[in-house]
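Reader: Can you put the model up and take me through it?

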Amino acid sequence: MLRRAFTIIAVLSASVFVALAGCIVRQHFASDHFHIYHWNPSTRNYTEINFYLGGQYFGAHVESTTALASDDTSIIQWRAGPSNLRFVHDAWPAGTRNDGPLLWGDHYRSTPSFGINQHGLSDCWTLQFRLELALVLFAVVPAIWALGRLRRWRSLAARGFAVVGDSAKRLEI
């Protein structure tokens, strides 16, 4: 059971590895930015989630705040659309490739950037990492799986076939 679970994890990890390799190729030609806008009218909570893929980085930024009763929420409702949840994708030609840290994350509170609750604070989370780091991380499990299979195959090949002889007939000199 454990061997099957590890094999499934290795296949999933290898799939992510291939997808990340495709993202690296895509980054040479274009930069992508994905936006998710979510407005909850009952709690008056607005959340904006951004995923970006450009240069050598993948990043995610989440900003969330609650609108005051006196705030004009028309801009928020326009961004989130009639279903209160909207997904937008922007793409542009590839820019410069900057060096930077392999992994960077931050959580902070800031003045909201979307025009509501300007005297309050919004919660912001940011995670950014270079795709080379992700490639290494998602290559580890499939590599362990492949090495285990290779070792098992080599041990079977080294053993060969058992030879059973007739012990009753001995050649004595």
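This is a predicted model: local features need pLDDT of at least 70, side-chain atom pairs count only at pLDDT 80 or more; totals for chains, interfaces and linings use all residues.

Reader: How many residues does helix H1 have, and what is its reach?

Author: H1 covers residues 2-27, which is 26 residues, and reaches 37 Å from its first C-alpha to its last, close to the expected 38 Å. The expected span is 1.5 Å times one less than the number of residues. Helices are DSSP runs of H or I with at least four residues, strands are runs of E with at least two, and both are numbered from the N terminus.

Reader: Which residues in H1 are buried?

Author: Ala 10, Ser 13, Leu 20, Ile 24 and Gln 27. Buried means under 20% relative accessible area, exposed over 50%, and partly exposed in between, with a 1.4 Å probe and protein chains only. In general, an α-helix has 3.6 residues a turn, so residues three or four places apart point the same way.

Reader: Switching to aromatics. How many pairs are there?

Author: Three aromatic pairs. Rings of Phe, Tyr and Trp (its six-membered ring) pair if their centres lie within 6.5 Å; planes under 30 degrees apart are stacked, over 60 edge-to-face, and the rest tilted.

Reader: Why is the pair of Phe 51 and Phe 58 called stacked?

Author: Because the planes are at 25°, with the ring centres 6.2 Å apart. Phe 51 is partly exposed at 28% relative accessibility, and Phe 58 is partly exposed at 25%.

Reader: And how does Phe 58 sit against Phe 129?

Author: That pair is tilted, with 5.3 Å centre to centre and 45° between the planes. Phe 58 is in strand S3 (residues 57-66) and Phe 129 in strand S6 (residues 122-130), 71 residues apart, so the pair links distant parts of the chain. Phe 129 is buried, at 16%. Ring pairs link Phe 51, Phe 58 and Phe 129 into a cluster.

Reader: What lies over the face of Trp 78?

Author: Arg 86, at 5.7 Å from the ring centre. The criterion is NZ of Lys or CZ of Arg within 6 Å of the ring centre and within 35 degrees of the ring normal.

Reader: Loops next. Where is Arg 44, and what is its phi?

Author: Arg 44 is in the loop between strand S1 (30-40) and strand S2 (45-54). Its phi is positive, about 60°, although Arg 44 is not a glycine.

Reader: And Asn 117, buried or exposed?

Author: Buried, at 10% relative accessibility. Asn 117 lies in the loop between strand S5 (103-110) and S6, and its phi is near 50°.

Technical notes
Residues are numbered from 1 along each chain as its sequence is written. Side-chain values use heavy atoms; hydrogens and water are left out.
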